[in-house]
Amino acid sequence: MEFSRKYHGNSQVSNNSRETNMSFVPDALRNPAFFAADLGQHIPFREAMSALHQVVVSDMSFQPKDKSDYKAWLKAQEEVFLAGAMAKQGQIKAQLDDLRQQMREVQHAEQAVLSPFYTARSKYFQYLYKNDMDAWYVLDPVITVHPDSIFFECFSQDESSYGKLSCRYEVFQNVREHAYGTTNIDYSHELYQEFQKIRDYKRTEFVIDPSGFEVKTDLSDDFKEEKIDLPDSWVRGFLQVSSAMSLPFTTFNLHPMDMYNILLFLKRHKEKTGPRSLRFCLTPDQPIQVKFDPWGETLTCPRSIYTGNTAQEVRIWGRRRLFILERLLPIVKHFRVSLLGSGLPSFWVAEMEHMTFTLGLSGWSANDFSRMGNFDLMASRGEVDSVTAERVFAALQITWQESATSLALRLGLDELTVKSALGIYSQYGRVLYDMDKNVYRIRELSKDPLPMDKLRFSNEREAKADNFRKAGLVTVITRESQQNGRQLVRGEVIDNAHTYQPEITLDADMRLVEAKCSCHFYIQNKLNQGPCEHMLAVRLETNNANS
């Protein structure tokens, strides 16, 4: 998928002994969105932006060892191995020994010549990867100006980590001009290095430069045009994050000192074998306990009390991604942790003074948001016609951010309809759910409509479910009401002459919160990769019966 960017110059930070001027150049191809003010909280903003940078450059995917030396040696040894295998007569053994000795000398000489090259090449690529991120693929962050805040969003290179820094207007002073909207900003590794020079004693000007939208044909060379060919998975991952944030979580607060102790343990211990997970042991009105695999050590968090109603143990993987939050420890008030379930995404919200930093982590590093997590299939799925959906979106465009409850009251609609409509636009990349304030926000991920035929489905499960329903192969057997507005639905689905009996639990917002099935997909993956086609078919049939 191709994205076009056009920047009038480059974003830059200028420093002197008295002031720092930060000027971000927005995408000139998008609707104007700009902001100009003085920075009021220098050090917290610097540390939060640095944490956001760690998300951008994060790549926890498996990096294979450099085996070029071994492969070169193995290739040189092929003739030796062959000669040894064919040496069947003792009278030529002495001759073979002499030849082997000569070959060893040649190989040692070859290794002495090529070893510096292989070593230098390996070090060069490692240095380039760690220090010169502009030489690697990094997408410019998305920035949105809203009536109450400005927030930056980014996605990691391995597509398993999502970062969002939200700054309320109290972070700034002397706000001079602003225009609401979303744009991409030109952001480089050198710009990150300049952020480190921000100090309290220097006035710092923060500008999303409106001049980036002034098109002057006689100075067209000043524009920097970029056409970035993005994989569909990157955009789909952004959409899946929005859906995952709207699902019901197990939530608790974690004291900064307890978070420090978790990171300290991981820093002092390096696992060599699996499992590599954190186990959160949650008991009502008791301190939270964290178990570290594979050592079996337990850390008690005396400053963090679990206030939930049900005792449970939730297990997460990809724990070393939490070091992204390390720089926030001195300035954070507390961390609000939201766990979707064992092996499922988690969201870590760092609450600071007038700022929040949200770190979204997929189930584990290799299980990224784009390929493995179809969380849009678990979100609110009430039936909404296109006219009603457009009406809800138009109402949200007036206020830019609003809760589903407030929108429902204002429009005279039920809350489920509003959430389902906003869920549709969330999958279009036009609406973002803000789990910090429990509101939906206008956020246009792209200036052009996204190709939903490419992005909506990374597999055929939902298409199969719809085919089952259209063919009359789905039957809802029982529907039982449970506590808190939930309902348990049992059904039958005939798939390839085999009858499956899935069970799904829907909450009051028609979100799929629990499910099970006897098919191979569920037995192998549970809900870690989303619901199977049989669960979806029963859910579609349930929605059809309600409409």
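Guide: Start with a cut-off. Buried means under 20% relative accessible area, exposed means over 50%, and partly exposed lies in between. Keep in mind that this is a predicted model.

Now take helix 11. D466 has a relative accessible area of 22%, so D466 is partly exposed. K470 reaches 61% and therefore counts as exposed. The side chains of these two residues, D466 and K470, form a salt bridge, at 3.0 Å from N to O. Why is the separation of D466 and K470 about one helical turn? Because they sit four residues apart in helix 11, which spans residues 461-470.

Side chains of opposite charge can pair when their charged atoms come close. Over the whole structure, a search finds 29 salt bridges. One of them joins R176 and E205, at 2.8 Å from N to O. This pair links distant parts of the chain. R176 belongs to strand 8 (residues 172-179), E205 to strand 10 (residues 203-208), and 29 residues separate them. R176 is partly exposed, at 42% relative accessibility.

Next, look at E271 and R276. Their side chains meet in a salt bridge at 3.8 Å, N to O. E271 is buried, because its relative accessible area is 9%. R276 has 38% relative accessibility, so R276 counts as partly exposed.

Back to D466 for a moment: its 22% makes it partly exposed. Elsewhere, salt bridges with shared partners connect D148, K164, D434, K437 and R441 in one network.

R441 leads on to a sheet. R441 is in strand 22, opposite L432. Strand 22 covers residues 439-442, and four bridges join it to strand 21 in an antiparallel run. The open sheet has three strands, ordered 20-22-21, with antiparallel pairing. Its edge strands are strand 20 (401-402) and strand 21 (431-434), each pairing on one side only. Strands of a sheet pair through backbone hydrogen bonds, either parallel or antiparallel.

S161 lies in strand 7, residues 161-168. S161 is buried, because its relative accessibility is 0%. Beyond residues up to four places away in sequence, S161 touches V55, S58, C154, F155, S156, R321, G360 and L361.

Y70 is in helix 2, residues 68-86. At a relative accessible area of 47%, Y70 is partly exposed. Together with W73 and L74, Y70 makes a nonpolar surface patch of about 300 Å².

Note on methods: Residues are numbered from 1 along each chain as its sequence is written. This is a predicted model: local features need pLDDT of at least 70, side-chain atom pairs count only at pLDDT 80 or more; totals for chains, interfaces and linings use all residues. Side-chain values use heavy atoms; hydrogens and water are left out. Patches are made of residues with over 30% relative accessible area and no salt bridge: like charges are joined within 9 Å, nonpolar side chains (Val, Leu, Ile, Met, Phe, Trp, Tyr) within 5 Å. Accessible areas come from the Shrake-Rupley method with a 1.4 Å probe; for residues, only the protein chains shown count as cover. A salt bridge is a side-chain nitrogen of Lys or Arg within 4 Å of a carboxyl oxygen of Asp or Glu. Helices (H or I, at least four residues) and strands (E, at least two) are DSSP runs, numbered from the N terminus. Buried means under 20% relative accessible area, exposed over 50%, partly exposed in between (1.4 Å probe, protein chains only). Two strands pair if DSSP finds at least two bridges between them. Contact means heavy atoms within 4.5 Å.
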